[in-house]
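Here is a short briefing on how two protein chains meet. Look at the structure first, then work through the points below.

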There are 2 protein chains.
Amino acid sequence: MPDTRTQIVEAADTLFYQRGFDHTSLADIAAAVGIARGNLTYHFKAKDQILAAVIDRRLANTQAMLDAWEEAADGPAARITSFIHILIINQAKIMAHGCPVGTLSNELAKLDHAALPDAARIFTLFRSWLARQFTLLGHNDARADELALHLLGRSQGVATLATAFKDEDFIRREVAAMRDWLSTLADQP
Amino acid sequence: MPDTRTQIVEAADTLFYQRGFDHTSLADIAAAVGIARGNLTYHFKAKDQILAAVIDRRLANTQAMLDAWEEAADGPAARITSFIHILIINQAKIMAHGCPVGTLSNELAKLDHAALPDAARIFTLFRSWLARQFTLLGHNDARADELALHLLGRSQGVATLATAFKDEDFIRREVAAMRDWLSTLADQP
């Protein structure tokens, strides 16, 4: 059983994703953990502090996932394919709640929240990792970064429309199109 | 000067876009219009009724924009280009608040709000209009719909990353890439 602080951050991570950051109250988080409100505020004085901890947790989890893909997949094209396949693996969640990174970033922008650049660092982790894979495919640094952002954008767009239309065929088709696109890049350094 | 009801819907449309639906209170809307809270609730008993009116307004405004593109642009490829160029024309707003359609749809999904399918109808307007343009380029109905969804997804992804990174070069590059993609489709029916 993780300690109370960790349980709070885990519960907040889930609630922020499923219901949104602004819509989640400290009382909701305390109830999800099963602790009194006073116990929650002993660990975190304000919701913004919980948000900072949630972003740190997501950064760490994202890095761990990228490291796992790095080890598991044979070569940069297969690793980029691991990224593309999140849309299939997390399909049910994405259709229900969107992409956790994109929707948090969009929400913080509307709230004019100071943590937006921190949330964007999760995107930057993906971007840098993808760019490195494209470099390994033979593209120069500037081009590799452009390709990384392009792919990140494609997957964000699929997530948003998947949430609006709940259309599994659309997701599958777009995943296939991204793999086709990748195969043209893997051949031409 | 539009009537009070219209002023309420216009103010709510702007606030929902800039701050989010959930984060906007009835008091915020009344203050933006400069009327008493009681006057607001005379016109709309609940925020959900204002949301329904905002969605209707966005549907009407979207249809009017599509009709204007239809008239102004010469041929389907030029009309699809008008769609792609929203990303440039609305660049400042998109970097600040995202796409109004995509962010409302994402937010309503998280709130598990019954109006999500209504908000998705704004996407459907774009989708059907784009699909018709692709049909005019010589693609069959099923393929034209796939192309329309693909382009809608691309532009959504650009909007989300533009909000996170505020990177004008990225927007310009992606707009150019979409135009290149379109030019390959305009040639092969």
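In this predicted model, 39 residues of chain B are in contact with 39 residues of chain A. Together the two chains bury about 3,300 Å². The points below cover the contact surface, the symmetry and the cysteines.

**The buried surface**
- The size of an interface is often given as the accessible area lost when the parts come together.
- Of the roughly 3,300 Å² buried between chain B and chain A, 60% lies on carbon and sulfur atoms.
- Which residues of chain B lose the most area to chain A? They are B:Asn106, B:Lys110 and B:Phe165.
- Those three residues together make up 21% of what the chain B side buries.

- Two salt bridges are found between chain B and chain A.
- One salt bridge joins A:Glu146 to B:Arg173. The closest N and O atoms of this pair are 3.9 Å apart.
- Ten residue pairs are in polar contact between chain B and chain A.

**Helices that supply the contacts**
- Several helices of chain B each supply at least two residues of the side that touches chain A.
- Among them are α1 (4-19), α7 (91-97) and α8 (100-110).
- The list also includes α9 (116-136), α10 (141-165) and α11 (168-187).
- Which helix gives the most to this side of chain B? It is α10(B), with 13 residues.

**Symmetry of the pair**
- A rotation of 180 degrees superposes chain B on chain A, with 0.0 Å of shift along its axis. The RMSD of this superposition is 0.0 Å.
- The two copies are therefore related as by a two-fold rotation axis.
- Both copies use the same surface: 100% of the contact residues of chain B recur in chain A.
- Which residue of chain B comes closest to the rotation axis? It is B:Gly157, whose C-alpha is at 1.9 Å.

**Cysteines without a disulfide**
- A disulfide is a covalent bond between the sulfur atoms of two cysteines.
- How many disulfides does the structure hold? Over all chains, the number is zero.
- To count as a disulfide, the sulfur atoms must be within 2.5 Å.
- Is A:Cys99 buried or exposed? A:Cys99 counts as buried, because its relative accessibility is 15%.
- B:Cys99 also counts as buried, at 14% relative accessibility. The cut-off for buried is under 20%.

Notes. Residues are numbered from 1 along each chain as its sequence is written. Chains are lettered from A and ligands numbered from 1 in the order in which they are written. This is a predicted model: local features need pLDDT of at least 70, side-chain atom pairs count only at pLDDT 80 or more; totals for chains, interfaces and linings use all residues. Side-chain values use heavy atoms; hydrogens and water are left out. Buried means under 20% relative accessible area, exposed over 50%, partly exposed in between (1.4 Å probe, protein chains only). Copies are superposed by least squares on the C-alpha atoms of residues with pLDDT of at least 70 in both. Contact means heavy atoms within 4.5 Å. Buried area is the accessible area (1.4 Å probe) that two parts lose on being put together, summed over both. A salt bridge is a side-chain nitrogen of Lys or Arg within 4 Å of a carboxyl oxygen of Asp or Glu. A polar contact is a pair of N or O atoms within 3.5 Å; within protein, one must be able to donate a hydrogen and the other to accept it, and residues adjacent in sequence count only if both atoms are side-chain atoms. Helices (H or I, at least four residues) and strands (E, at least two) are DSSP runs, numbered from the N terminus.
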